[in-house]
Amino acid sequence: SDLDTLFILQLLYRDPTIEVARLHGSAAQQPDPGQPFRFDHVFTTGGDTYVELDSRNIEESIRLNILKDFTPGRTFDTAHADSIGYVVSGVRTLGQGSGGWWTMRSARLKFDVYPADSVLSLEFFVPHAVAAGKRRELSVIVDGETAGTVDLTNEGMNHQRFPVPARAINGSGFTIVELNVDDPYSEGDEQYGVVLRQAAFDYVK
């Protein structure tokens, strides 16, 4: 409950004056929507634990899941500890060394890439349940521009490369890569796209 969370944190930090707000908590625990966010620390869940967001621009950090200790570069790899720093939304993290993370209907990753002609490489696994039955496609979008589509009938490991022109790279912030699966495989209320292992930008020489 909200009170349990507050009590535990007050005990943990030995500070009875701590105040806690929860963005997705009850109305009483949510931040005042009419005021800018001002907190000493902001945490989110990632990599099966709590990780701290960058507090320099809290609204932007919440929007893009910008972490304090894990910053994105050009190579996302679920085997690396910094992989949680790339995730924006739509990815079910399964912990480092899991062999891949499930994407949902729409997954978003952020990269710090210089605006030059590049190639985006993807490595992902297509399970039998996704490949079988109805035909599905994975759309790869870089900062709003479609880089290509992949037919998801190829069960097993897939390696794909997409040319990305310099104009599609955000030169003043993070470049957002969207991985959208049409009509994803579902179990109950959960939707599953592909099991993503790597995504990396390489500059064209």
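A nonpolar core is a set of buried Ala, Val, Leu, Ile, Met, Phe, Trp, Tyr and Cys residues joined through side-chain atoms within 4.5 Å. The structure toured here is a predicted model.

**The whole chain.** Next, display the surface: its accessible area is about 11700 Å², and carbon and sulfur atoms account for 49% of that. Of the 205 residues, 40% are buried. Among contacts with a separation of 6 or more, 59% join residues 24 or more positions apart.

**The core.** Select Phe76, Phe111, Phe124, Leu152 and Phe201, the residues with the most contacts inside the largest nonpolar core, which has 41 residues. Then colour the elements that each supply at least two residues of this core: strands E4 (87-92), E5 (101-111), E6 (118-126), E7 (137-142), E9 (156-164), E10 (175-181) and E13 (195-203), together with helix H3 (128-131). Strand E5 gives the largest share, 6 residues. In soluble globular proteins, nonpolar side chains tend to be buried together.

Centre the view on Phe201 and show its surroundings. Leaving aside residues up to four places away in sequence, Phe201 touches Arg74, Phe111, Val113, Ser118, Val119, Leu120, Val142, Val164, Ile169, Thr175 and Val177.

Methods. Residues are numbered from 1 along each chain as its sequence is written. This is a predicted model: local features need pLDDT of at least 70, side-chain atom pairs count only at pLDDT 80 or more; totals for chains, interfaces and linings use all residues. Side-chain values use heavy atoms; hydrogens and water are left out. Buried means under 20% relative accessible area, exposed over 50%, partly exposed in between (1.4 Å probe, protein chains only). Helices (H or I, at least four residues) and strands (E, at least two) are DSSP runs, numbered from the N terminus. Contact means heavy atoms within 4.5 Å. Accessible areas come from the Shrake-Rupley method with a 1.4 Å probe; for residues, only the protein chains shown count as cover.
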